[in-house]
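My entries follow in the order in which I made them.

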Amino acid sequence: MSAVPLVILEPEGLYPPAEVERLILADSLSGTPFEIYYDHLGEEKPYTDIPASLRERVQGLLVFRHWMSKEDVALFPNLTVVVRMGVGYDRLDRVALHERGVIVCNCPDYGTTEVADHAIALALSLRRGILLHHDAQRMIVHRGMAAPAPPAAWEQIWSPLIQRPSASRTFAILGLGRIGTAVALRAKALGWSTVLFYDPYTPAGYERALGIERVRSTKELFERGDVVSLHTPLTKETRGLVGKDLISVMKDGSVLINTARGAIVNLDAVEWGLRGGKLAGVGLDTLPEEPIPDPPHPLISAYQNGEEWLRGRLVVTPHSAFFSPESWEDIRTLSYETMRDVLLDGKRRNVISIDDE
């Protein structure tokens, strides 16, 4: 008697159905039979749009942009494995999934080079004054102006933003996982005099292998960094971590970069730091609320309106640090490889413990 196939669902319609997924799943060591189904919920449509007859059979679910609440978990009574098609897993109700005995996985090994490059690019575009001069050399028109502001004079701008990395400057990294490590190597190669990090979960001695310095607290990291780059997951411990208390201990004229989760950073505190001079510049790839709500936070509104005090000092990208055509395909491949190894072969690849919350 043949085994009943395991049912796998990709509900968001990220990719056109292709043989890629079938070839990956068919390469299982166990030879377990499977069926793949696709839907086109996108980011907005609820899981209830999927026919109950399919939901009740699903054992493997792949999630990208969608959220998964306790109520959503209840819609899939036979669910065994959820693969988050990305690094972060804050979109999933981990407690509800744990209570149901569902295994949760992510794909920590995709987008590493893209996010690291993006963080360094944000830091350099600010510290070299590229954004500052770019904005200054354009005729500026924004809401409320009686007439366009003419381009600035054809000359350099003296600003606390602009620094030479090798002139006793420090690049500080919060979180030394795969991406944080890649950023550290790039910062070293680009000549920052000191590269240091704080990560209480990194094994002792790891810093020696990289030739960088470990500090003993988040506070010390923020006190010493000329550039502080965030690379920590969003957890109960890190939500709202970067607020006025940490920004207030930074050097005057520092730069803050966030390519991690938006909710790690308090935008009120960032605005306070920019207006007061603690922060000369800020690069944000993520925001606490995405997409940008209407009305936006006052800082984001000032950025969108091109307000003079913020010109060249704040850059916002739309949660795109991970993206390249290559990384987009990596998401597909690595997600299905993880699903194959965990659901079909019973391995523990990329499994997230409830203790990681």
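**Helix contacts**

I began with the contact between two helices: Thr112, Thr113, Val115, Ala116, Asp117, Ala119 and Ile120 of α5 touch Arg178, Ile179, Ala182, Val183, Arg186 and Ala187 of α7. Sorted by class, the residues of this contact of α5 with α7 are 8 nonpolar, 2 polar and 3 charged. I note here that the model is predicted.

Next I looked up the geometry of the pair. Helix α5 covers residues 112–127 and helix α7 covers residues 178–189; their axes lie 9 Å apart, at an angle of about 50 degrees. I recorded the crossing of α5 and α7 as right-handed.

I then turned to helix α1 (residues 19–26) and helix α13 (residues 325–344), whose axes come within 9 Å and cross at roughly 35 degrees. The crossing of α1 and α13 is right-handed. From α1, the contact takes Val20, Glu21, Ile24 and Leu25; from α13, it takes Arg332, Thr333, Tyr336, Glu337, Arg340 and Leu344. I noted 5 nonpolar, 1 polar and 4 charged residues in the contact of α1 with α13.

**Sheet**

Which order do the strands take in the open sheet? I read it as β8-β7-β6-β9-β10-β11-β12, 7 strands with parallel pairing. The edges are β8 (213–214) and β12 (314–316); each has a single partner strand, so one side of each has no neighbour in the sheet.

Within the sheet I checked strand β6 (residues 170–174) against strand β9 (residues 227–230): the two run parallel and are joined by 4 bridges. Phenylalanine 171 is opposite valine 227 in β9.

**Helices on the sheet**

I went back to α5 and found that it lies across β6, β9, β10 (254–258), β11 (279–284) and β12, at about 155 degrees to β10. Helix α7 also packs on the sheet, where it touches β6 and β7 (194–198), and its direction makes about 175 degrees with that of β6.

**Whole chain**

Last, I looked up the totals. The chain has 13 helices and 12 strands. Its radius of gyration is 23 Å, close to the 21 Å given by the globule rule for 357 residues, so the chain is as compact as a globular protein of that length. The C-alpha trace spans about 80 × 55 × 35 Å along the principal axes of the chain.

Technical notes:
Residues numbered from 1 in each chain as written. Predicted model: local features only at pLDDT ≥ 70, side-chain atom pairs only at ≥ 80, totals over all residues. Heavy atoms only, no water. Axes fitted to C-alpha atoms, helices over the stretch in contact; angles between N-to-C directions. Left-handed = near helix turned anticlockwise from the far one by under 90°. Contact = heavy atoms within 4.5 Å. Nonpolar A, V, L, I, M, F, W, Y, C, P; charged D, E, K, R; others polar. Pairing = 2+ DSSP bridges. Rg over C-alpha atoms; globule rule 2.2 N^0.38 Å.
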